[in-house]
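Please read this briefing alongside the sequence and the 3D view.

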Amino acid sequence: MRILMFGWEFPPHMSGGLGTACFGITKALSGLGHSVIFVIPRMNAGDEPSHVELVSASKVPVPKQLFYEGILKRIDVRHVDSLLRPYMTQGQYASLLRKQYYHLPVRRRYDRGKKGYVFLDISEKYGPDLISEVLRYSKVACVIGKSHTFDVIHAHDWMTVFAAMNAKKVSGKPFVLHIHSLEFDRSGEHINRNIYDIERYGMESADRIIAVSHYTKNIITARYGISPDKISVVHNAVSRTEAVKSYHIEREPDRKIVLFLGRITFQKGPDSFVEAASLVLNELPEVTFVMAGAGDMMPRMVERVAELGIGKNVHFTGFLQGSEVERVFTMSDLYVMPSVSEPFGISPLEAMLYDVPVIISRQSGVSEILRHALKIDFWDVKEMANKMIAVLKYPELVEEMVERSREELKNIHWETAAQQIAKVYRLAGV
Amino acid sequence: MPSVCFYFQIHQPLRLRHYTFFDIHSDHEYEHREQNRETLQRVTERCYLPVNRIILNLIKKYRGDFRVAFSITGSILDQFEKYRRDAIESFQRLADTGCVEFINETYYHSLAFLFSPREFKEQVISHRNKVKTLFGQNPKTFRHTELIYNNDLARMVEKMGYAAVLAEGTERVLGWRSPNYVYRPAGCHKLKLLLRNYRLSDDISFRFSDQKWSEYPLTADKYARWVHDAGKTGDVINLFMDYETFGEHLKGDAGVFDFLRSLPGEIMKHPDFRFQTPAEVAGEYEPVARLDVPHFVSWADVERDLSAWLGNALQKDALHTLYGMESKVRRRKKEELLRTWRMLQTSDHFYYMCTKWFADGDVHDYFNPYSSPYDAYINYMNVLDDFSSFLGGKGT
């Protein structure tokens with residue numbers, strides 16, 4: 001099968017869950033013998049008039065990773081010049097846009113109604129706001145759809161919905177929309193109506209929907225009114241990298257580290273983590289808590305940590321990448337994912353690869369497939385602290401969880417996900 | 001003349017309430033009273049009372065030719081006394097018929113034999129006394145929690161004066177031999193060993209309602225034919241199972257009550273077959289061979305060993321910590337403390353910590369208050385931590 005995929009990110013430039021998942025799926029699909037035209041947005045990708053850059057497989061910057069070589073022959077990566085990034089908000093888009101154009105002469109326009117309001121009037125390349133950029137991206141990306149043959153269109157999350165629909169219009173091929181995250185997950189009840197509408201429109205227009213969990217499937221049926229018959233659940237998996245082995249170092253037995261890793265945003269529940277840390281520190285004053293990540297709730301969290309007087313034991317590392325993530329996993333004695341709403345959540349699986357026991361919120365898709373993780377409700381701070389203390393206190397508990405998790409991981413593969421996805425293509429009419 | 005020997009296990013643990021680290025040293029209530037009461041009420045209504053009625057009617061109908069045995073743990077007898085005296089009375093009416101044998105085990109359905117011979121004996125004696133007080137019988141048959149058994153247990157049981165002991169009729173013990181005979185435990189001189197026919201027993205307790213089973217639906221006359229076939233080459237067919245099979249695990253209206261009602265008649269249609277209790281079987285049949293069981297066996301899971309309670313690091317840690325407290329608990333000489341320590345010995349607490357998750361995971365879910373074995377361990381260890389603060393000196 002030949003798949004036109006509107007995806008996100010490609011190694012070595014990966015920033016988070018969506019890129020990791022797209023890449024894992026693509027690699028496994030090509031491993032099964034399918035070929036993939038992998039279209040991704042990238043800043044300043046090139047200046048050809050079409051805004052489409054063709055990168056031959058051999059030129060994809062994957063240094064020394066021979067591992068991928070055979071498979072990459074069936075992946076045709078195409079970069080589309082765009083500022084879009086996974087889970088970006090309007091505010092983030094605006095600031096990125098400003099950074100892009102700081103060197104250009106900017107024509108300032110003052111709105112008479114709103115005093116002192118500055119608009120950047122940029123007409124040359126990128127869209128003036130996030131939604132416009134999404135629409136612009138879809139038109140550009142669609143060019144690829146015109147010039148290639150394929151059997152199915154596969155898009156990931158709302159930002160690529162229009163691109164996929166344009167490609168469907170041009171080609172008449174079935175369109176599968178893969179939902180990794182919804183506006184309700186990211187924003188709770190304070191949703192952005194435009195994004196919600198695009199998500200719903202995309203799901204209504206798609207021939208089939210893939211949800212990363214039953215948890216997400218339930219939100220799709222309950223909040224978007226989509227028929228459950230149209231939705232297939234395909235759980236994510238985790239890739240084993242060569243690095244895992246080389247990083248196995250002994251943890252310090254006297255200095256226990258509890259890790260939070262993810263965007264410090266409402267969705268990820270950093271506030272419960274901080275409150276639970278404070279309860280734990282009352283009982284076990286020597287524990288260190290690490291919050292790795294960045295996000296709009298970070299200032300508030302730093303402030304709260306200071307209020308609670310636990311700054312000595314809580315460290316903020318900022319956004320971590322690549323080998324830094326690996327290091328922080330190897331140093332940790334416990335990984336906690338207290339998400340308020342997590343469609344899947346690959347990072348607990350990554351922690352398990354490093355033999356780190358995990359506590360995850362029940363409001364997550366990954367909890368559907370993990371038996372050897374401790375589970376809590378994200379709001380139950382006391383229970384979260386209770387379980388953190390148990391992991392820090394009882395070596396037998398850690399021993400059992402880690403040993404069983406190793407067995408559990410053996411059955412979690414992207415190949416399995418890819419096989420299920422290929423079945424969904426057939427259901428969509430391929 | 002082959003005998004059919006029915007023995008039913010009756011037990012409910014005292015489940016622990018959700019007990020967090022923050023309750024330690026501040027709240028000393030361990031029991032989940034509400035859940036224990038509700039479970040007992042439900043199972044009494046669905047199983048104990050209606051099935052007792054069926055058994056009583058069968059005994060009357062066949063004028064004493066239908067006979068059964070019960071092992072009722074101290075844990076559930078205490079709960080009956082607290083919440084459902086009528087259940088005790090119902091068992092007493094069965095005792096009055098003279099056709100029901102009451103079997104002896106550890107009071108708290110514990111694993112004390114594996115850790116403390118002294119504690120084991122004390123619990124067996126207190127259960128024996130309880131049975132005597134409530135049902136007027138001096139038990140002659142012993143069964144260990146979950147049919148755990150080996151040579152050492154048999155020798156101990158013989159020394160304590162029992163005539164019969166029960167065990168699982170697994171191939172691990174029997175090899176090519178049949179479970180349908182009475183055996184002599186290795187190292188014993190008088191004690192008789194009765195072995196569970198697990199195929200026929202599990203046909204009722206596990207497969208009865210399995211629609212994918214080739215023999216579904218199981219009818220009393222079909223089952224009686226199997227029993228008759230088994231009796232062609234044997235003295236006794238031992239059908240041992242949880243009493244809750246009837247009405248709780250298998251819903252009464254799913255046909256299992258009717259099955260039970262018609263089974264004795266179907267079995268006794270064959271004039272050579274009769275019902276006997278374990279003590280009667282032991283009194284009548286001589287052992288056909290000596291049986292050597294050096295390693296522990298049980299009736300649990302596919303492994304039929306101790307791994308359901310002692311199979312992982314969590315269970316071992318919890319059990320060793322608990323039994324490590326024995327001398328301190330005894331030194332305090334407080335009845336209340338001893339009772340709590342014993343309640344914590346109930347094997348169910350450790351069964352909930354099992355991480356095997358195979359097909360038997362379903363059975364581990366029966367009456368299981370925890371959603372994960374790790375939760376069971378954390379909860380239990382928090383309780384133990386609090387309990388240890390009453391023992392004086394440094395905690396364990």
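Helices (H or I, at least four residues) and strands (E, at least two) are DSSP runs, numbered from the N terminus. On that basis, the secondary structure of chain A comes to 16 helices and 16 strands. This is a predicted model, in which local features need pLDDT of at least 70 and side-chain atom pairs count only at pLDDT 80 or more, while totals for chains, interfaces and linings use all residues. Residues are numbered from 1 along each chain as its sequence is written, and chains are lettered from A and ligands numbered from 1 in the order in which they are written.

**Chain A as a whole**
- Of the 430 residues in chain A, 47% are buried, a residue being buried if 20 or more other C-beta atoms, placed from the backbone, lie within 10 Å of its own.
- Two residues are in contact if their C-beta atoms, placed from the backbone, lie within 7 Å; among the contacts in chain A between residues at least 6 apart in sequence, 70% join residues at least 24 apart.

**Domains of chain A**
- The domain assignment, which is automatic or from a database, divides chain A into domain 1 (2–88 + 126–237 + 414–428) and domain 2 (243–409).
- Where these domains touch, 17 residues come from domain 1 of chain A and eleven residues from domain 2 of chain A.
- On the domain 1 side, helix 1 (17–31), helix 6 (183–187) and helix 8 (214–224) of chain A each supply at least two residues.

**Chain B against chain A**
- In the contact between the chains, 14 residues of chain B meet 17 residues of chain A.
- Helix 12 (313–323) and helix 17 (373–388) of chain B each supply at least two residues of the side that touches chain A, and helix 17 of chain B gives the most, with four residues.

Terms used. A residue is buried if 20 or more other C-beta atoms lie within 10 Å of its own, exposed if 12 or fewer, and partly exposed in between; C-beta atoms are placed from the backbone.
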